[in-house]
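Load the model in your viewer and show it as a cartoon. The stops below say what to select next and what is found there.

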Amino acid sequence: MKRFTAALAALVLCLSCIASAFAQDYSVLPQQAGKERPEGTEMKVFFRSKLSGRAFLIGDETYMSLNEFAALYDMELEITIDDTGFTAHSDQLDITAGKDEYYLTANYRYLFLPDGYIVCGDDIYLPLDALSRLFGVEITHDLTRADIDTKQCRPIIGYENYYKLNMPADYQYWLPRIIDIETKDEPLAGQIAVGNVILNRVKSDNYPDTIYKVLFDNYTGVQFAPAVTGSILYMDDVTCWLATCLCWEGYNNVGDCMYFANPESNGNYWFRTYREYVLTIGRHEFYR
């Protein structure tokens with residue numbers, strides 16, 4: 001009888017294990033155990049077609065764990081978080097971000113974080129766009145999943161004086177000056193936006209083809225008063241250099257806008273009547 005009872009118990013245990021195996025919730029990945037997660041809509045992340053992680057849609061931005069993303073490429077990051085911000089270090093990446101700042105520095109390059117980053121326990125969550133740039137990989141995503149198909153990552157390349165050695169002289173001298181004089185006390189996003197308007201004009205067939213010529217263009221009248229008054233020659237805000245670098249990195253938060261205006265200045269801007277309003281950033285309205 002005792003042998004029969006023991007055998008029956010063993011059989012029940014075996015069947016229980018088999019049932020548990022088939023009933024396992026594969027939506028809960030091993031790396032999630034015991035870690036805090038952001039509050040947002042979960043999204044599956046597939047690495048080379050294999051379910052490998054989770055991202056989180058928060059507002060208009062999708063975030064993923066910096067640690068977990070690095071682990072996809074067998075990269076170990078040493079992350080330090082304190083009251084001033086965070087750092088992350090490996091043999092291929094050096095990342096620094098200040099608290100309440102909307103950018104990070106990686107290998108002497110700047111990345112724009114319009115919605116900031118998220119701290120969860122001892123980990124950092126970054127937008128997928130930032131992760132794509134940091135690791136040099138392609139990420140496609142919608143509201144339900146993200147796909148990473150790049151086999152090997154190519155961490156962002158940078159070095160001391162990277163921008164001074166690579167950015168055109170037109171960018172380095174004139175763009176930070178017009179950003180500075182037009183966006184005093186404006187947020188970083190507003191500074192980038194003004195820089196984008198200048199660059200949109202450079203790209204347009206309706207305006208001159210250099211930053212300098214756009215700023216001093218008077219074919220249909222004065223375009224930028226600081227260029228006429230000479231105040232454009234003075235620059236005292238260091239963040240205008242940061243905004244210039246981010247513009248050169250390709251960040252654009254105003255699309256194809258060609259005009260901006262500060263309503264508080266009560267200027268008689270014709271385009272406020274005849275052009276399409278797009279958005280307001282800081283004290284400036286932007287039009288296309």
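**Stop 1: the five-strand sheet**

Begin with the open sheet of five strands, in the order S4-S5-S6-S7-S8, where the pairing is antiparallel. Strands pair here if DSSP finds at least two bridges between them; helices (H or I, at least four residues) and strands (E, at least two) are DSSP runs, numbered from the N terminus. Select strand S4 (78–82) and strand S8 (109–112): these stand at the edges with a single partner strand each, so one side of each has no neighbour in the sheet. From one strand to the next, the twist averages 15°; axes are lines fitted to C-alpha atoms, for helices over the stretch in contact, and angles run from 0 to 180 degrees between N-to-C directions.

This is a predicted model, in which local features need pLDDT of at least 70 and side-chain atom pairs count only at pLDDT 80 or more, while totals for chains, interfaces and linings use all residues. Residues are numbered from 1 along each chain as its sequence is written, and side-chain values use heavy atoms, with hydrogens and water left out.

Next select S4 together with strand S5 (residues 85–89), which pair in the antiparallel sense over five bridges. A hairpin of two residues joins S4 to S5. Ile 79 stands opposite Ala 88 in S5, and Ile 81 opposite Phe 86.

Contact means heavy atoms within 4.5 Å.

**Stop 2: helix H9**

Keep H9 selected. How many of its 10 residues are buried? Seven are, so H9 is mostly covered; buried means under 20% relative accessible area, exposed over 50%, and partly exposed in between (1.4 Å probe, protein chains only). The buried residues include Cys 240, Cys 245 and Cys 247. Among the elements that cover them are S7, S8, H4, helix H5 (169–182) and helix H6 (188–203). After H9 comes Gly 250, with a positive phi near 105°.

**Stop 3: the seven-strand sheet**

Select the open sheet of seven strands, in the order S9-S10-S3-S2-S1-S12-S11, with mixed pairing. Its edge strands are strand S9 (118–120) and strand S11 (139–141), each pairing on one side only. Neighbouring strands are turned by 30° against each other on average, direction ignored. Strand S1 (residues 41–47) pairs with S12 in the parallel sense over four bridges, and the bridge partner of Lys 44 in S12 is Arg 145. H3 packs on this sheet, touching strand S3 (61–65), strand S10 (123–127), S11 and S12; the direction of H3 makes about 95° with that of S10.

**Stop 4: salt bridges**

A salt bridge is a side-chain nitrogen of Lys or Arg within 4 Å of a carboxyl oxygen of Asp or Glu, and by this rule the count comes to nine. Show the side chains of Arg 37 and Glu 68, which meet in a salt bridge (2.6 Å, N to O). Arg 37 lies in the loop between helix H1 (2–23) and S1, and Glu 68 in helix H2 (residues 66–72), so the pair ties together parts 31 residues apart in sequence. Both Arg 37 and Glu 68 are buried.

Move to Arg 109 and Glu 249, a salt bridge whose closest N and O atoms are 2.6 Å apart. This pair links distant parts of the chain, Arg 109 being in strand S8 and Glu 249 in the loop between H9 and strand S13 (259–261), 140 residues apart. Arg 109 and Glu 249 are both buried.

Then select Glu 186 and Arg 283, whose side chains meet in a salt bridge (3.4 Å, N to O). Glu 186 is buried, at 9% relative accessible area, whereas Arg 283 is partly exposed, at 31%.

**Stop 5: the end of the chain**

Select Tyr 277 in strand S14 (residues 277–281). Tyr 277 is partly exposed, with a relative accessible area of 43%. Not counting residues up to four places away in sequence, Tyr 277 touches Glu 285, Phe 286 and Tyr 287. Arg 288 is linked with Asp 256 and Glu 276 in a network of salt bridges.
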